[in-house]
Amino acid sequence: MNNFNKTLVTHFILIGFKNFHEVRIIVFINLLLIYIIIFIGNLFILCLVPIVKHLHTPMYIFLNNLSLSDVLVTSNIVPNMLRILWTENGSITVSSCTFQFYIFGSLCATECLLLAVMSYDRYLAICDPLRYSSIMTFRLCRNLVLFSWLAGFTPTFPVAICLCKLYFCHLNTIDHFFCDFAPFLELACSDISTVKMLAFAFSFIFTFFPFIIIIVSYASIINTILKIKTEKGRQKAFSTCSSHLAVVSLYYGTLFILYGVPSKKQSSDINKILSLLYTIVTPLLNPIIYSLKNQEIGRAFRKIFKNFS
């Protein structure tokens, strides 16, 4: 037992982007700029929605929470990525790695639920517009937001607790830029069956079922849009959900490729690139997509800009 204790790992080494050693400063500057743009872009939506009265609707309240989720996801991962690039020291304690995974997993589940809630909101607005106001009340909107955050963070907690109880020995190198579940678990030298079962069950519930809600909602939306007789009416109806559809396609497309395809068929570099899509690219594009495609946000921005100019 004493010999076993001597080999217990207390720190992991995140390799990050080892192939970018010669250009790490350039990569660091680019990542820093992207992080700043993500922060400012999502902060813009976080500040705009509360102060503009005509944006006080369920659609924009959900968008506000999506922006908050995006800021938290990138802030959980990118600062540590920048530290690794700058110092070339990827050391992280096991407890910090577990905490990073818990925050990451919880925010992923929350974002899936928020996207599902937003699709249901668009379904009501397009397929049942006469009853929209009576169904999607402020109380229901608030409860759906609270449910998304609580349901996102609660189930991941037992998985994190199970990870805390695992033993890690001998190997301590994670070939990734953050503590993702699979590479984290590969280093364990104790039984991982329970934590794998829990993680699979929760990820199935909070990824697959929201996706089914999105598919059903958009099938009904498309069916309703096709029944609109005028082309202008169809364009107007589609424009109200095109931004959300673009975000859903990018986010879920990346998740399914990364976690749906067996890891043995993908190299670690491909996994890292795919991980960058939903940890950096999606939070970067979300405010851009919504700002460019949404006329209400555009008008609100121009109105505020005129007031300050």
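Student: What makes Pro 158, Val 159, Cys 162 and Leu 163 of helix α7 count as touching helix α9?

Tutor: Contact means heavy atoms within 4.5 Å, and by that test these α7 residues meet Thr 194, Val 195, Leu 198, Ala 199 and Phe 202 in α9. By class, this contact has 8 nonpolar, 1 polar and no charged residues. Here Ala, Val, Leu, Ile, Met, Phe, Trp, Tyr, Cys and Pro count as nonpolar, Asp, Glu, Lys and Arg as charged, and the others, Gly among them, as polar.

Student: Before we go on, what kind of model is this?

Tutor: It's a predicted model, where local features need pLDDT of at least 70 and side-chain atom pairs count only at pLDDT 80 or more, while totals for chains, interfaces and linings use all residues. Residues are numbered from 1 along each chain as its sequence is written, and side-chain values use heavy atoms, leaving out hydrogens and water.

Student: How do you know whether α7 is roughly parallel or roughly antiparallel to α9?

Tutor: Check the angle between the axes, which are lines fitted to C-alpha atoms over the stretch in contact; angles run from 0 to 180 degrees between N-to-C directions. For α7 and α9 the angle is about 160 degrees, with the axes 9 Å apart. That makes α7 roughly antiparallel to α9. The cut-offs: under 35 degrees is roughly parallel, over 145 roughly antiparallel, 65 to 115 roughly perpendicular, and the rest oblique.

Student: And what are α4 and α9 called, roughly parallel or roughly antiparallel?

Tutor: Helix α4 (residues 94-127) and helix α9 (residues 193-227) pack at about 20 degrees, with axes 9 Å apart. So α4 is roughly parallel to α9. The α4 side of the contact includes Ala 109, Tyr 120 and Arg 122, and the α9 side includes Phe 206, Pro 210 and Thr 224. By class, there are 16 nonpolar, 5 polar and 1 charged residues in it.

Student: Which hand does the crossing of α4 and α9 have, left or right?

Tutor: Left-handed. The rule is that the near helix is turned anticlockwise from the far one by less than a right angle, and clockwise would be right-handed. α7 also passes α9 in a left-handed crossing.

Student: What about Ile 84, buried or exposed?

Tutor: Its relative accessibility is 9%, so Ile 84 counts as buried. Ile 84 sits in helix α3, and its partners, with that sequence limit of four places, are Leu 14, Ile 15, Asn 89, Gly 90 and Phe 177.

Student: How many helices does the protein chain have?

Tutor: There are 13 helices, plus 3 strands. Both are DSSP runs numbered from the N terminus: helices are H or I with at least four residues, strands E with at least two.

Terms used:
Buried < 20%, exposed > 50% of the residue type's maximum accessible area, 1.4 Å probe, protein only.
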